[in-house]
Amino acid sequence: MATDEKIEQICEGLDMLTEDTSIPRNIRRGSEKVKDILHKDTDPIDLRVATAISTLDELANDPNIPLHGRTLIWNIMSQLEGIA
């Protein structure tokens, strides 16, 4: 699978996170920020992936996030690690 296809698949997972109203607003905003980071073509892919993983790690450690949201973030992070 090409890198662009993997990023689109990851963005679909981020969309699921963004559209879930049981997830706190700051986490949903953070997932939108990660999507923007991944689509920023001016930066090299390894920098985009590292920044996205770092941001997602901060979101996953938020004490207010429900368990299913944290699990989804961890799945997205593992997909990103496959790209880097």
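Ala 60 sits in helix α3. Helices here are DSSP runs (H or I, at least four residues), numbered from the N terminus. This is a predicted model: local features need pLDDT of at least 70, side-chain atom pairs count only at pLDDT 80 or more, and totals for chains, interfaces and linings use all residues. Residues are numbered from 1 along each chain as its sequence is written, and side-chain values use heavy atoms, with hydrogens and water left out.

**Ala 60**
- Ala 60 is buried, at 2% relative accessible area. Buried means under 20% relative accessible area, with a 1.4 Å probe and protein chains only.
- Ala 60 touches Ile 65, Arg 70, Ile 73 and Trp 74, leaving aside residues up to four places away in sequence. Contact means heavy atoms within 4.5 Å.
- Ala 60 and Met 77 lie 17 residues apart in sequence, and 9.9 Å apart in space, C-alpha to C-alpha.

**Helices α2 and α3**
- Helix α2 covers residues 25-38, and helix α3 covers residues 45-60.
- They pack at an angle of about 175°, with axes 9 Å apart. Axes are lines fitted to C-alpha atoms over the stretch in contact, and angles run from 0 to 180 degrees between N-to-C directions.
- α2 and α3 are therefore roughly antiparallel (an angle over 145 degrees).
- Residues of α2 in this contact include Ile 27, Val 34 and Leu 38. Those of α3 include Arg 48, Ala 52 and Leu 59.

**Lys 35**
- Lys 35 belongs to helix α2.
- Lys 35 counts as buried, at 17% relative accessibility.
- Lys 35 touches Cys 11, Leu 14 and Asp 15, again leaving aside residues up to four places away in sequence.

Key. Helices (H or I, at least four residues) and strands (E, at least two) are DSSP runs, numbered from the N terminus. Angles under 35 degrees count as roughly parallel, over 145 as roughly antiparallel, 65 to 115 as roughly perpendicular and the rest as oblique. Buried means under 20% relative accessible area, exposed over 50%, partly exposed in between (1.4 Å probe, protein chains only).
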